[in-house]
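Here is a short briefing on a protein model. Look over the sequence and structure first, then read the points below.

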Amino acid sequence: MDSSSTRRQATRAKLYEAAVTLIAEQGFSATTVDEIAERAGVAKGTVYYNFKSKTELFEELLRHGVSLLTASLRTAAEETAERGGSRVDALDAMIRAGLVFIDRYPAFTQLYVAELWRTNRAWNSTLLVVRQEAVAVVEGVLREGVAAGELSEDIDVQLTAAALVGMVLVAALDWQAFQSERSLDDVHAALSRLLHGRVGGR
């Protein structure tokens, strides 16, 4: 990767961070490009050099954030497999990876969950695509578990995957908003017990 590409990626990362913080604080409509540029410490022209519009910036922000989450889930599953763990172990590791991600990027997570409920946005199709990319990683592990006889054939893979991802998102946001005195380990332990009781059958 050349230096100009590295610089552009670094600039985009600053713009993503500025945008997600501002939009989480005051909403998309109320956030201006000038504010994003100021928060990122760049000129307004730099925003438009990287993105055609505020809407495109937000779409790319969604892609970027969910791709990071998807990568962390996939890595957790792959590392568990390399250690010889079961598919339920992999799901447990993915739950922890999801919690770690949300703990690291709380503003993005709040924004992402809020946007899932809105239906009149220009980026709805993008949101559906990136959501499915994350859920598909969980679906893959569930299908492998069913095929290997580790999980029940009666499992509805699509709904179970969506439920697991939703469980992590909602539990983590509740943890941060209302039970912040709890540690990440506490939250993971509670969700892990739920996983083993409801999915693993143990």
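D34 and K44 form a salt bridge, with their closest N and O atoms 3.5 Å apart. A salt bridge here is a side-chain nitrogen of Lys or Arg within 4 Å of a carboxyl oxygen of Asp or Glu. D34 sits in helix α2 (residues 33–40) and K44 in helix α3 (residues 44–50), so the pair ties together parts that are 10 residues apart in sequence. This is a predicted model: local features need pLDDT of at least 70, side-chain atom pairs count only at pLDDT 80 or more, and totals for chains, interfaces and linings use all residues. Residues are numbered from 1 along each chain as its sequence is written, and side-chain values use heavy atoms, with hydrogens and water left out.

**Confidence**
- The mean pLDDT of the protein is 89, and 97% of its residues reach 70 or more. pLDDT is the predictor's confidence in each residue, from 0 to 100.
- Among the elements, helix α5 has the highest mean pLDDT (95). Helix α6 (residues 106–116) has the lowest, at 83.
- Helices are DSSP runs of H or I with at least four residues, strands are E runs of at least two, and both are numbered from the N terminus.
- Where pLDDT is low, the predicted coordinates should not be read in detail.

**Annotated regions**
- An unreviewed UniProt entry places the feature "domain: HTH tetR-type" at residues 9–69. That span is 80% helix and 0% strand, and its end C-alpha atoms are 18 Å apart.
- The UniProt annotation "DNA-binding region", also from an unreviewed entry, covers residues 32–51. This stretch is 75% helix and 0% strand, with end C-alpha atoms 14 Å apart.
- UniProt positions follow the numbering used here, feature names are shortened, and annotations may be inferred rather than shown by experiment.

**Salt bridges**
- How many salt bridges does the structure hold? There are 7.
- Side chains of opposite charge can pair when their charged atoms come close.
- D34 is partly exposed, at 42% relative accessible area. K44 is partly exposed too, at 38%. Buried means under 20% relative accessible area, exposed means over 50%, and partly exposed lies in between (1.4 Å probe, protein chains only).
- R87 pairs with E144, the closest N and O atoms being 3.6 Å apart. This bridge links distant parts of the chain: R87 is in helix α5 (residues 87–104) and E144 in helix α7 (residues 124–147), 57 residues apart.
- R87 is partly exposed, with 27% relative accessibility. E144 is partly exposed, with 43%.
- E139 bridges to R143, with the closest N and O atoms 3.4 Å apart. Both residues lie in helix α7, 4 residues apart, about one turn of the helix.
- Is E139 buried or exposed? E139 is buried, at 6% relative accessibility, whereas R143 is partly exposed at 44%.
- Salt bridges that share partners join R87, E144 and E150 into one network.

**Around A161**
- A161 lies in helix α8 (residues 157–178). A161 is buried, with a relative accessible area of 0%.
- Which residues does A161 touch, not counting those up to four places away in sequence? They are V135, V138, E139 and L142. Contact means heavy atoms within 4.5 Å.
- A161 and E82 are 79 residues apart in sequence. Their C-alpha atoms are 22 Å apart in space.
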